[in-house]
Amino acid sequence: MSVSLEGKKVTLVPYMREHVPKYHEWMQDPALLQATGSEPLTLDQEYDMHLSWIHDSNKHTFIVLDKQLIIGEFFHGDPHVEAMAGDVNIYMNDLDDSQLAEIEIMIAESKSRGKGIGEESVLMMMAFAVKNFEIHTFRVKIGESNMASLNLFRKLGFEDASYSEIFKEVTLELSVKKPKAEELQCLYGNLIMHS
């Protein structure tokens with residue numbers, strides 16, 4: 001599904017090959033590696049990872065564009081590397097529940113933090129997932145020291161579900177019941193779509 005979603009502050013675009021060098025640059029930052037639980041990769045490995053992501057039907061990744069940084073007009077299909085702020089993903093890997101998705105957000109660019117971009121991106125991804133994949137439960141796993149992410153997801157209504165002493169990680173969940181489902185459907189209806 002090649003679609004872009006446009007909100008008030010961000011535009012979510014499919015993860016394209018043109019995004020890989022900038023993404024790779026982000027993933028050289030030890031703080032981002034720790035926050036995302038990632039290992040450093042070579043650029044070639046990052047290109048391979050990109051291919052595996054875009055061909056996996058259980059994953060959906062959008063690159064987050066900061067609308068204030070887009071140069072010129074937005075055209076679907078143009079990667080707008082200059083406006084890349086981070087990424088938002090869902091993983092539907094639970095073998096017992098195909099309507100459960102793990103969600104992740106990363107705002108890698110410091111100039112794009114503190115502007116509400118992460119919150120809008122997560123809500124847009126949740127609305128997209130509910131509408132297109134009938135997701136009824138979202139789960140997020142966050143390192144206990146990542147207070148910004150913990151606070152964001154708790155603000156969005158996620159509740160603590162478990163804690164891993166081994167990984168020093170908190171798992172939070174949000175069940176999409178009627179009021180939340182209606183809120184997300186309304187949000188989805190207000191998004192501008194480009195395909």
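This is a predicted model: local features need pLDDT of at least 70, side-chain atom pairs count only at pLDDT 80 or more; totals for chains, interfaces and linings use all residues.
**Helix 5**

I stayed with helix 5 and asked which of its residues are buried. I got Ser149, Leu150, Leu152 and Phe153. Around the axis they cover an arc of only 160°, so they sit on the same side of helix 5. On the face turned away from that buried side I found Ala148 and Lys155, which are exposed. Then I checked what lies over the buried residues: the cover includes strand 5, helix 4, strand 6 (137-143) and strand 8 (169-175).

Leaving out residues up to four places away in sequence, Leu150 touches Ile142, Gly143, Glu144, Val170 and Leu172.

**Helix 4 against helix 5**

Next I looked at how helix 4 (residues 117-133) meets helix 5 (residues 147-155). Their axes come within 11 Å and cross at roughly 50°. That angle makes helix 4 oblique to helix 5. I noted the crossing as right-handed. On the helix 4 side the contact is made by Gly118, Glu119 and Val122, and on the helix 5 side by Leu152, Phe153 and Lys155.

Gly118, in helix 4, got its own entry. Is it buried or exposed? Buried, I found, because its relative accessibility is 13%, and the limit is under 20%. Beyond its neighbours within four places in sequence, Gly118 is in contact with Ile105, Ile107 and Leu152. Gly118 and Phe153 are 35 residues apart in sequence, and I get 9.9 Å from C-alpha to C-alpha.

**Helix 4 against helix 6**

I then turned to helix 6 (residues 178-190). It packs with helix 4 at an angle of about 100°, and the axes are 9 Å apart. So helix 4 is roughly perpendicular to helix 6. From helix 4 I listed Leu123, Met124, Met126, Ala127, Phe128, Val130, Lys131 and Asn132. They meet Lys180, Glu183, Leu184, Leu187 and Tyr188 of helix 6.

Ser112 is in the loop between strand 5 (100-107) and helix 4. It has a relative accessible area of 1%, so I logged it as buried. Which residues does Ser112 touch, not counting those up to four places away in sequence? I found Asp66, Leu69, Ala85, Ile107 and Ile117.

**Helix 3**

Last stop was helix 3 (residues 43-54). I checked its length: 12 residues reach 17 Å from the first C-alpha to the last, close to the 16 Å expected at 1.5 Å a residue. Its buried residues are Glu46, Tyr47, His50 and Trp53. Looking down the axis, I see the buried residues fall within an arc of 120°, so they line one face of helix 3. The face turned away from the buried side carries Asp44 and Asp48, both exposed. For the cover over the buried residues of helix 3, I noted that it includes helix 1 (20-26), strand 3 (59-66) and strand 4 (84-91).

Definitions and conventions:
Residues are numbered from 1 along each chain as its sequence is written. Side-chain values use heavy atoms; hydrogens and water are left out. Helices (H or I, at least four residues) and strands (E, at least two) are DSSP runs, numbered from the N terminus. The expected span of a helix is 1.5 Å times one less than its number of residues. Buried means under 20% relative accessible area, exposed over 50%, partly exposed in between (1.4 Å probe, protein chains only). The arc is that of the directions from the helix axis to the C-beta atoms. Contact means heavy atoms within 4.5 Å. Axes are lines fitted to C-alpha atoms, for helices over the stretch in contact, and angles run from 0 to 180 degrees between N-to-C directions. Angles under 35 degrees count as roughly parallel, over 145 as roughly antiparallel, 65 to 115 as roughly perpendicular and the rest as oblique. A crossing is left-handed if the near helix is turned anticlockwise from the far one by less than a right angle, and right-handed if clockwise.
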